[in-house]
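Please look through the sequence and the structure shown below before reading on. The paragraphs that follow lead from a pocket to a helix and then to a single side chain.

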Amino acid sequence: MKRVIVDATNPSSDDLMPVADALRDGQVVAFPTETVYGLGANAMDAAAVARIFEAKGRPPTNPLIVHVASIDDVMSVVREWPESAQRLAERFWPGPLTLVLRKNPLIPGIVTADLDTVGVRVPRHPVARRLIELAGVPLAAPSANRYMGVSPTTAEHVVKGLNNEIKWVVDSGPAEVGLESTVLSLVGRPRVLRLGMISLESIQEVLPELEPYYDEVVEGVSASSPGQARRHYAPEAKVIIGDPELRKAFNSPRVGVVSFSRLEGGGLGRVMPRDPEGYARELYDALHMMDEAGCETIIVEPPPTTAKWQAIWDRLRRATESES
């Protein structure tokens, strides 16, 4: 398959129109969002959505998030729009918050793992919104990588991870947030299904009744949200959370370290920002770098345990889990 990479650093209608045409034609497209790069298809086209699952090797029990260009477009995706959803959308959209609501019957079951609910959000990235507007359809889009792998935060990650699985890749530089969206269910009592960089505390300012986060591990049944598998967001290398000095015990050059300070004595390492936003922005890129360098083990220095680091800890813990 001949790949087409569209440079959309400064997008215009002409740049993105062929990509929008491809989406309307049932093709799958990798495109940037502020969280990570997504692998999108027309959410109303079951056959097109099936190509996402095929390209990713994703099980049908793992639902997809549907992306729309504005709040005005959300009723094409959901059946109900409660007042709480409106308040949250006014506060956090466009942005990295996904709301799970009762789905519009027009949304194919393949998008939602045959559940009666669907996750929807308005991305903050201008290229993503412009592409959705030009395509004229909502886009079902998980991260643009193989299932359970590290999500891509650059177009280069997409190309290396999916190889020849897709034709169209829209390149708009590194993702701004770096972690997947917070997912919040409004079906029944409000609860967070996946942690993201929009914190529980900030959501509680709008919804004081929000339940405390509970890690819902889902295996073998339809999940109500992406990101609920025990192992997810994981590099090929084994991830260990611990003191960077552990690398000396391995006596191997194929050990990488993700830490807050530079390694003494050399070795493959990545010095991370000390603020959670900066750390989130660089985490997946660091893990991609370690895999590309052929690391067998990655030692990650434990980050702080305060509330602002909760989503980062969630991703690290899932990256350390085994598949069994």
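By class, how many nonpolar, polar and charged residues does the lining of the largest pocket have? In this predicted model, the lining is made up of seven nonpolar, five polar and seven charged residues. The pocket itself has a volume of about 450 Å³, and of the 19 residues that line it, those closest to its centre are Val-150, Gly-161, Glu-236, His-288 and Asp-291. Two elements, helix 5 (155-162) and helix 8 (276-292), each give two or more residues to this lining.

Turning to helix 4, which spans residues 126-135, one finds that its buried residues are Val-127, Ala-128, Leu-131, Ile-132, Leu-134 and Ala-135. When the helix is viewed down its axis, these buried residues fall within an arc of 165°, and they therefore line one face of helix 4. Among the elements that cover them are helix 1 (13-24), strand 2 (29-31) and strand 4 (65-67), together with strand 7 (139-140) and strand 8 (168-171). Just after helix 4 comes Gly-136, which takes a positive phi of about 75°.

The last stop is Asn-42, which lies in strand 3 (residues 38-42). With a relative accessible area of 9%, Asn-42 falls under the 20% cut-off and therefore counts as buried. A polar atom of the Asn-42 side chain lies 2.9 Å from the backbone nitrogen of Met-44. Leaving aside residues up to four places away in sequence, Asn-42 touches Leu-23, Ala-48 and Val-49, as well as Val-137, Pro-138 and Leu-139.

Key. Residues are numbered from 1 along each chain as its sequence is written. This is a predicted model: local features need pLDDT of at least 70, side-chain atom pairs count only at pLDDT 80 or more; totals for chains, interfaces and linings use all residues. Side-chain values use heavy atoms; hydrogens and water are left out. Buried means under 20% relative accessible area, exposed over 50%, partly exposed in between (1.4 Å probe, protein chains only). Helices (H or I, at least four residues) and strands (E, at least two) are DSSP runs, numbered from the N terminus. The arc is that of the directions from the helix axis to the C-beta atoms. Contact means heavy atoms within 4.5 Å. A polar contact is a pair of N or O atoms within 3.5 Å; within protein, one must be able to donate a hydrogen and the other to accept it, and residues adjacent in sequence count only if both atoms are side-chain atoms. On a 1 Å grid over the protein atoms alone, a cavity is a set of points where a 1.4 Å probe fits but cannot get out, and a pocket is an open set with protein on both sides within 12 Å along at least five of seven lines; lining residues have an atom within 4 Å of a point. Grid points are joined across faces, edges and corners, and a volume is the space filled by probe spheres set on the points. Ala, Val, Leu, Ile, Met, Phe, Trp, Tyr, Cys and Pro count as nonpolar, Asp, Glu, Lys and Arg as charged, and the others, Gly among them, as polar.
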